[in-house]
Amino acid sequence: MSSSVATPPLQPEELSPATALAGALVDACAGAVRAPRASIENCVVALLSGGHVMIEDVPGVGKTVLGKSLARAAGCAFSRLQCTADLLPADVTGVTVWDQNAAAFLFRPGPVFANVILVDEINRASPKTQSALLECMEEGQVTVDGETRVLPQPFMIIATQNPVEYEGTFPLPEAQLDRFAVRVAIGYPAPEDEAGMLLDLAGHDALEGVVAVTDEAGVMAARRVVERVHADPSLAHYVVGLVGATRRDPRAELGASPRAGLALLRAAKARAVVHGRRYVEPEDIRALAHPVLGHRMILTPDARARGALSGEVVADALAAVPVPL
Ligand SMILES: Nc1ncnc2c1ncn2[C@@H]1O[C@H](COP(=O)(O)OP(=O)(O)OP(=O)(O)O)[C@@H](O)[C@H]1O
Ligand SMILES: [Mg+2]
């Protein structure tokens, strides 16, 4: 039974400003960080689909630079959290303090009251602080001293982390990783790119050239366009087929959740906008399957011991499920 409310089809003149904005965001980041275009694009897809992004890679490949350049290009109120083991939940959400002049308790908002929040090295924060953050991500609100406060919109977390086997880190539980719409990696640049970077950066900061290409209202307008992108019912079935295949895979203890499927279709709509289309194509879903599903599965201990990777489960699902025409 269909319960969708009839919205008028998206017109080309409504699509083009959103596509132009997406292109400007990608270009702004690409000017600062040497990263595969698809990785940058996936960060923009998360921003435009109302999701959060996890940038996960080894040290020194430009994770922080990518996060900061996206935040700066988006032109929204920005804050940054540098995570350490002693960062407290109140350092994230804010505190109520006694104001002598007002003779009252006043709420002093924490860094989470911004539009784009760079949470650097999230796996260095204690589990308690991580869970305070993840509550904000899931619910778009904060409860401090029994009072609930709604966070501003847009609200996006850009988290970075190194792969987990480092001292003094608290790996995020898979259930919490599920809150991130996409996970992106950067990888090492090609040798000629890396040499170019050394020459470019000798003496100045990679972020210097990044300027805001939009603002809060611009991001929200583009999100509304993304929501109206057409997805044929066959594509919803395709997504269900893919997540279902991950659940049946013997290597997976826990396959991709319905939330993962929802995130995949939503991200596919944003990718369609990035590529200047008013409708989702199977390729949007295929291109996003790894970044959207890869971090949301738990492999069996046996599969892990044999060195299996969740990426293989996703790849096999892509190979097994017939692509709709
Ligand atoms: N791909 C890249 N493009 C542009 N600059 C880069 C890139 N990789 C590294 N750099 C430069 O190297 C320095 C380190 O980058 P950055 O701080 O972003 O790394 P990181 O991945 O966040 O590392 P860590 O995991 O240690 O936090 C920065 O000064 C940045 O200018
Ligand atoms: Mg960093």
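**Reading the model step by step**

Guide: We start with the domains: the protein is divided into domain 1 (9-82 + 117-122 + 152-228) and domain 2 (230-325). Keep in mind that this is a predicted model. The C-alpha centres of domain 1 and domain 2 lie 21 Å apart.

Visitor: How many residues of domain 1 and domain 2 are in contact?

Guide: In general, the size of an interface is often given as the accessible area lost when the parts come together. Here we can count residues: 24 of domain 1 are in contact with 20 of domain 2. On the domain 1 side, two or more residues come from each of helix 1 (12-30), helix 2 (37-48), helix 6 (174-177), strand 9 (182-184) and helix 8 (216-227). Helix 2 gives the most, with five residues. By type, the domain 1 side divides into 16 nonpolar, four polar and four charged residues.

Visitor: Now the sheet. What is the order of the strands in the open sheet?

Guide: The general idea is that strands of a sheet pair through backbone hydrogen bonds, either parallel or antiparallel. In this case, five strands form an open sheet in the order 2-5-8-1-9, and the pairing is parallel. Strand 2 and strand 9 are the edge strands, each pairing on one side only. From one strand to the next, the twist averages 15°. Helix 2 packs on this sheet, where it touches strand 1 (53-56), strand 8 and strand 9, and its direction makes about 155° with that of strand 9.

Visitor: Which strands are joined to strand 5 by bridges?

Guide: Strand 2 (residues 78-82) is joined to strand 5 by five bridges, and strand 8 (residues 156-161) by four. To follow the pairing by eye, find Val-119 in strand 5: Leu-81 stands opposite Val-119, and Val-119 also stands opposite Ala-159 in strand 8. Another pair to look for is Val-116 opposite Met-156 in strand 8.

Visitor: Why is strand 5 described as largely enclosed by the rest of the structure?

Guide: Because four of the five residues of strand 5 (residues 116-120) are buried.

Visitor: Last, the ligand. Which residues come nearest to ligand 1?

Guide: Of the 17 residues around ligand 1, the nearest are Pro-59, Gly-62, Lys-63, Thr-64 and Val-65. Helix 3 (63-74) and helix 7 (191-201) are the elements that give two or more residues to this shell, and helix 3 has the largest share, three residues. The shell divides into ten nonpolar, five polar and two charged residues.

Note on methods:
Residues are numbered from 1 along each chain as its sequence is written. Chains are lettered from A and ligands numbered from 1 in the order in which they are written. This is a predicted model: local features need pLDDT of at least 70, side-chain atom pairs count only at pLDDT 80 or more; totals for chains, interfaces and linings use all residues. A residue is near a molecule or strand if its C-beta atom, placed from the backbone, lies within 6 Å of it. Ala, Val, Leu, Ile, Met, Phe, Trp, Tyr, Cys and Pro count as nonpolar, Asp, Glu, Lys and Arg as charged, and the others, Gly among them, as polar. A residue is buried if 20 or more other C-beta atoms lie within 10 Å of its own, exposed if 12 or fewer, and partly exposed in between; C-beta atoms are placed from the backbone. Two strands pair if DSSP finds at least two bridges between them. Domain bounds come from an automatic or database domain assignment. Two residues are in contact if their C-beta atoms, placed from the backbone, lie within 7 Å. Axes are lines fitted to C-alpha atoms, for helices over the stretch in contact, and angles run from 0 to 180 degrees between N-to-C directions.
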